[in-house]
Amino acid sequence: MKYSFSQKFAFPPFLLAVTLWAVMPQLNAQEPIDSNLQPGIIVLTGYQGDVKISLSSNGQALRPSKGAILKQGHVIVTGPNSSAALAFENGAVMEVGPSSKFAIQEFQQAPWDVSPEKLAEMKTEPSKSKTSGFLEYGDIITGVKKLKSGSQLDISTPIGTAGIRGTDFETNSSKNSNGSPKSFTVSVATGEVGVRSAGGGEAVPVAAGLSSTVSVSSAQAGQGETISQPTTSTLSAEAGSGILNSVARQRSSGQATFGQALAAAAQNRQNASSALTPEQQKTLEEASAKGNEAVVEAVQQLSTEAPTAAVEIAAAAAELAPNAAPEIAAVAALISPSLAPQIAASVAMIVPSLAPDIATSVAQAVPAAAAAVAGAVASVAPTLAPQIAVAVAIVASESAAQIAQSVAAAQPQQITQIISQIVENVAGVDSQAVGDAAQAGGQQSNSAGNNITPEPPRVPDTAPIPTSQSTPTPQSTPTSQSTPTSQSTPTSQSTPTPQSTPTPQSTPTSTPSEIRSPQ
C-alpha cells in the first residue's frame, strides 16, 4: 500500500528545519585548520575482558595489547565487565567502560619535543591539539589536562555533545532495547564541561559537583521523538570520588607503559619512511610551500603517474594542506575512479571536520560512486553522517535512496536523522523509497555481525582524467548506483555491531571496574 512519508516516519521539528546552507559545502565558511597539526599518538595502557579494536575506514582489527599504538579512526568496543584505558599524547586519559562503543574520530596535535617525563609534570597540554570522539553507547571516564588556547576536545553522542577545556568527568550514553538513543549524561568532578543537546539551543555549562542529562522522549499522538535540553542536578559525592579515583588510577598505573610507548612511537613517527616514494613526498612538500593550489596540482600530477597510489597520495597531501582536502580528494578520484570511496574515506580521516565537503566533492567527480562514497565517509566521521548523506544527495539526487541506504548501513543509529534531512532538503526525492532504503541499510548493518563488514563496490576506471590544473567541476547528472556489495575495497560500514545492550545509567554511583594489564 502506498503511504506518505509523514505517515510512516514522524520527526522532530528541529530536524525538519535543517536548511540548505547548513548542509551544502561551505568551504569559505570553515574555520581554518592549523596546518601545523599532525596525527597524534594514543597508547592502550591497559585493558580487561572482551575488548575489540578496529579501524573505522576498513574494519581492520587491532589485537589489544599493553602499549599498543592507536590513532584517529580507531573504534573501541567493550563487552560486559570489560574496559580499556587510553592515554593521549596531549596528556588526556580515558577509561572506556563495560558494554561501550567509542570511536576516536579525530586526534591531532602540534609537534613538540616529546618527553613523557615532561608530560607527567605538566599542568597543561604540551602543544595545541584537536580531539573529537563519538560515544555511540556506554560509558567513558576522562581526565584532561588544561588545554592551550585554540585547542579543542569534544565527545559526541547520538543526542548531545560535551565540550571540554580541562577537567575530570564521566560521559554516559544509553540506548533503548531497540538500539535507539535514550539518554546522555555528563558528570563533572573537577573543572567545567559545556553540554549541548542535539535538539538545538546553546551549550549549558556544567560545573564541578554537577551532572547534566539530555534525554529522548517517546513519540506521542503522531508527534516524532524529541530531544530535551540539558537538565542539571547535583552529583553525589560517591560518584565524584569514583571519577577522580579512576583518573588517578589511570595516570599512575599506565604511566610507565605510556612513557615507553610514547617515546618509541614518536621516534618511529620521526624516522618512518612515507608510504610514498621519496620523490613523491618531496613533490608534495615543495608544493605545500607554494600553497593549496600547488598541492592540488601536485596530486593531479602524481596520481596520473601512479593511479594505484592515489589513496596514499591524497591522504599525504591532505595532511600538508588540510583546507584543500575536498579538492585534493576530487582530483585523485577523477584519475582513479575505482578508488573513489577509499580516497574519500582516507582524506576524511585526516580532516574529519570537512567530511561532508570531501564526500560531496568526490561524488561530483565520480557520480557513479556517490552512494559508496557517502557510506565510506560516514563510517569515518560518524557524528556528521546525516550531513554527509544530505550533502551528497543534493548533488546526486537520482541516487538519493542508495545514498540513504549506504549511510544508514554505516551509521544505523542515525537512520531517523538521515531520512529526514534527505527528504526535507533534496528536491523531488521519493520519500517512501528513501525511507525504505535507509531501513534496509540499517537492517543490513544489524545483521552483519561483529566480524562482517560489507564494503563499497569498486567503480570502473571510466572517468576522464582532467586535462587542466583547476579544481574539478560537478558533472551534470549523477547516475544511479546499486546498493553496495561486499567486495575487497574499503568498507562503508566499518564499526563493529554491538552484541549487548548497556544498562542505562542516569548518574554514576560507583567506581568503574579497575583496569588491569594483560597477563
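This is a guided tour of a predicted model, stop by stop, with what to select at each one.

**Before you start**

Residue numbers run from 1 along each chain as its sequence is written, and side-chain values use heavy atoms, with hydrogens and water left out. Because the model is predicted, local features need pLDDT of at least 70 and side-chain atom pairs count only at pLDDT 80 or more, while totals for chains, interfaces and linings use all residues.

Helices (H or I, at least four residues) and strands (E, at least two) are DSSP runs, numbered from the N terminus. Buried means under 20% relative accessible area, exposed over 50%, and partly exposed in between (1.4 Å probe, protein chains only). Contact means heavy atoms within 4.5 Å.

**Stop 1: helix 7**

Select residues 278-290. This is helix 7, with 13 residues.

Now color Gln280, Gln281, Leu284 and Ala287. These residues of helix 7 are buried. Look down the axis: the buried residues of helix 7 fall within an arc of 130°, so they line one face of the helix. The arc is that of the directions from the helix axis to the C-beta atoms. An α-helix has 3.6 residues a turn, so residues three or four places apart point the same way.

What do the buried residues of helix 7 pack against? Show helix 8 (292-305) and helix 9 (310-320): these are the partners. Then turn to the other side of helix 7, where Pro278, Glu279, Ala289 and Lys290 are exposed. Step past the end to glycine 291, which follows helix 7 and has a positive phi, near 125°.

**Stop 2: two loops with positive phi**

Most residues other than glycine have a negative phi. Select asparagine 81, in the loop between strand 6 (74-78) and strand 7 (83-88). Phi of asparagine 81 is near 55°, a positive value. Asparagine 81 is exposed, at 67% relative accessibility.

Next, select serine 99, in the loop between strand 8 (93-96) and strand 9 (101-109). Phi of serine 99 is also positive, near 50°. Is serine 99 buried or exposed? Serine 99 is buried, with a relative accessible area of 9%.

**Stop 3: salt bridges**

A salt bridge here is a side-chain nitrogen of Lys or Arg within 4 Å of a carboxyl oxygen of Asp or Glu. By this rule there are three.

- Lysine 52 and aspartate 50: their side chains meet at 3.2 Å, N to O. Lysine 52 is partly exposed at 29%, and aspartate 50 is partly exposed at 41%.
- Arginine 249 and glutamate 95: the closest N and O atoms are 3.5 Å apart. Arginine 249 lies in helix 5 (residues 237-253) and glutamate 95 in strand 8, so the pair ties together parts that are 154 residues apart in sequence. Arginine 249 is buried at 16%, and glutamate 95 is buried at 1%.
- Lysine 101 and glutamate 136: the closest N and O atoms are 3.4 Å apart. Lysine 101 sits in strand 9 and glutamate 136 in strand 10 (residues 129-143), 35 residues apart. Lysine 101 and glutamate 136 are buried.

Stay with helix 5 and select serine 246. Serine 246 is buried, with a relative accessible area of 0%. Leaving aside neighbours within four places in sequence, serine 246 is in contact with Glu95 and Ile141.

**Stop 4: the nonpolar cores**

A nonpolar core is a set of buried Ala, Val, Leu, Ile, Met, Phe, Trp, Tyr and Cys residues joined through side-chain atoms within 4.5 Å. Select Val299, Ile328, Ile343, Ile388, Ile403 and Ile422. Of the 83 residues in the largest core, these touch the most other members. Helix 10 (residues 325-335) gives the largest share of this core, nine residues.

Apart from it lies another core, of 35 residues, among them Leu86, Leu135, Val144 and Ala162.

Zoom in on isoleucine 388. Leaving aside neighbours within four places in sequence, its contacts include Ala355, Pro356, Ala374 and Val377.

**Stop 5: leucine 384**

Finish in the loop between helix 13 (370-380) and helix 14 (385-395), where leucine 384 lies. Leucine 384 is buried, with a relative accessible area of 18%. Not counting residues up to four places away in sequence, leucine 384 touches Pro352, Ser353, Ala355 and Pro356. Draw a C-alpha to C-alpha distance from leucine 384 to proline 356: the two are 7.2 Å apart in space and 28 residues apart in sequence.

Note on methods
The expected span of a helix is 1.5 Å times one less than its number of residues.
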